Amino acid sequence: MRTTRLMLAAGALAASTAMAAAQDGGQLNIYNWGNYTSPEMIEKFEEETGITVTVTDFDSNDTALTRIRAGGHGFDIVVPSNNYVPIWVEAGLLQELDPEEIPNMANIAERWRDVPWDPNRTHTVPWQWGTTGVIVNTSVYEGDIDTSAIFLDPPDELKGKINVIPEMTDVMNMTVRYVGGEQCTEDRDILRQARDKLVEAKQHWIALDYGTVDAYAAGDIAAGVYWNGASMRARLQNEDLAYGYPKEGYPIWMDSAAILTDAQNTENAKKFLNFVLEPENAAMISEFARYANGVEGSDEFMPEDMTTAPEIVVAPEHEEAAYFSVTCPAETQQLYTQIWTELLR
Amino acid sequence: MSAVELAPHGADTDKPKAARGDIAWRWWLVTPALIVLLLAASGPLLIVLVYSFLEPGSFGGVVWNFSTEGWFQVFFTRDIFDETVAPATAHLDIFWRSIKLALYTTLITAILGFPTAWFIATRAPDVRPIWLFLVTIPFWTNLVIRTFAIQEVIRNEGLVNNILMTLGITSAPIQMLFTDFAILLGMAYVFLPLMVLPLYASMEKLDFKLLEAGYDLYATRLKVLWHIVLPLVKPGFIAGSILVFIPAIGAYVTPRILGGGRNLMLGNLIELQFGQGRNWPLGSALALTLLVIVVIALLFYIRSTAQPEGRRHG
């Protein structure tokens, strides 16, 4: 809601005072996931720089990629997920970044500096990162929740009350890990086991749906596959909810901000990337979206409920089961789609 | 310019000599619409057709090599375990589910729409516009918002269940959300006005003296309805059915939000290929298959309307 109002206001402002805006800091057009950009942080950026910011939402990596590829989009900054960054870079859609021009790149936490999807951070800077795990209402089920069995071999208490996010690749890979394979596997035997497991489990699912923070909080849904930040938002509404890290394997992802090759406002975009790498500003994004940010020193600016949240701070015993999701090759993707279609027929 | 030229044409319409010029003028009037249709409908459709005969790109998009694999995958599937080729029964199931849903929606809106339209058509002429205006109110709000509103009403902790439990009619919430019932409810709600409006249009023209004649000849109310009213408002039913059936078969938002996404509809299946599945040629071929189904349905309607017309004139 805030974002929408801000966008409207920004639009009206841009229309009525286009001249004034041009004299000020100019424009910046950000293309980001919905409900993911802190309006307070944007306001602060606008005040400091005089740049008028417009934020436009996308709902999936594929949507974003398709729209930018089509051209004529008018965006300067985009925030793709780690597994899509190589596609963007390979397609030449992102500008190379110069640490001299974005000095705050020095603030990127050690762990996120040299990452497999963007070696030495030549094209992107961290925005937010998180995990995909399971959420369980502990008033309904008290057993072990750090397992994918929650949705693949559900205990009786949870049967018929499980929601699974319709993210094909994440759900497929978690299932493949559960039956003993590796992500993006082409091993037919593993795939057969994964398919059988999914078909059997699906009869216990009530839905494959995205937007369910309220449904979890209200108790409509008792368990499911969910993102850590959203799980935390749900727990703040209902403290019976807990987030589990499946020991069989769960994906970690990081969304990273980058400047588009055909950006109209490259200089403003650089200012913005530098701005979000300031610990205080990164903390504002985290406070809004409820995910960790990968900027060193931002913890001290974060509210305490974030720095102690079990959904955000991954305990050492859960670190080993995490894997970075990669983009599967086209062949695997087709096998996955075929199984997925079979599952949802 | 148009106002000046329109006036004499309007005055001349009854004169045969002016007829030819009038027809030419009408063609000019329709030209902008034809251009828009050509550019906005036929153009993209052609692109979809071409894409359906190409190879999928690794990360979405297409590779410009001719391939019939997209079309092959619509109808056949290679077993991922032993590579045997079998009919794509999963796709067939999804097609059939969408067709069934569209048929049910048409039927329900027809049953609910008939009395509604009848009610409006039998009001005094000066209050009819008010009732029609009320029918169009749902169009003021975005479809997604209305669908989420329905979700709020029928969810476990929602309005209906709370009322039922407060009144003691049920002790536990009835699971309505994420069921086929929810999908049908949402679809009927969304498409009802599209059935009511054409039905009303045909009822408004109805000559009520014919009904009186029927009663005078000792016909029962049911007989009057069956032999007089229904045949006369049939064009309204047909127009309404077309308006409801065609968008219903490709419905995407309502089944997804209210049905919970456990089963794919045609629209979701097509989206899967363009999104996470990254198989645009298959998506294009599926979209065109949907188009063919719609065209077949239209031809069926046209045939069923053409016959009585022919009898009347010949």
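**Helix pair.** I looked up the crossing of α7(A) and α8(A), and it is right-handed. A crossing is right-handed if the near helix is turned clockwise from the far one by less than a right angle, and left-handed if anticlockwise. I noted that helices (H or I, at least four residues) and strands (E, at least two) are DSSP runs, numbered from the N terminus.

This is a predicted model: local features need pLDDT of at least 70, side-chain atom pairs count only at pLDDT 80 or more, and totals for chains, interfaces and linings use all residues. Residues are numbered from 1 along each chain as its sequence is written, while chains are lettered from A and ligands numbered from 1 in the order in which they are written.

α7(A) and α8(A) pack at an angle of about 110 degrees, and their axes are 9 Å apart. Axes are lines fitted to C-alpha atoms, for helices over the stretch in contact, and angles run from 0 to 180 degrees between N-to-C directions. The pair is therefore roughly perpendicular, a label for angles of 65 to 115 degrees.

I then listed who meets whom. From α7(A) come A:Met172, A:Thr175, A:Val176 and A:Tyr178, and they meet A:Ile190, A:Ala194, A:Lys197 and A:Leu198 of α8(A). Contact means C-beta atoms, placed from the backbone, within 7 Å. By class, this contact has six nonpolar, one polar and one charged residues. Ala, Val, Leu, Ile, Met, Phe, Trp, Tyr, Cys and Pro count as nonpolar, Asp, Glu, Lys and Arg as charged, and the others, Gly among them, as polar.

**Loops.** I checked the loop between α7 (168-178) and α8 (188-202) of chain A and found A:Cys184 there. Its phi is near 60 degrees, a positive value in a residue other than glycine. A:Cys184 is partly exposed because 19 other C-beta atoms lie within 10 Å. The cut-offs are 20 or more for buried, 12 or fewer for exposed, and partly exposed in between.

A:Asn120 also went into my notes, with phi near 60 degrees. A:Asn120 is in the loop between α5 (85-90) and β4 (125-137) of chain A. It counts as exposed because it has 9 C-beta neighbours inside 10 Å.

**Chains.** How many residues of chain B are in contact with chain A? I found 27, and they meet 29 residues of chain A. α4(B) gives the most to that side of chain B, with three residues. By class, the side has 10 nonpolar, 12 polar and five charged residues.

Notes:
Angles under 35 degrees count as roughly parallel, over 145 as roughly antiparallel, 65 to 115 as roughly perpendicular and the rest as oblique. Two residues are in contact if their C-beta atoms, placed from the backbone, lie within 7 Å.
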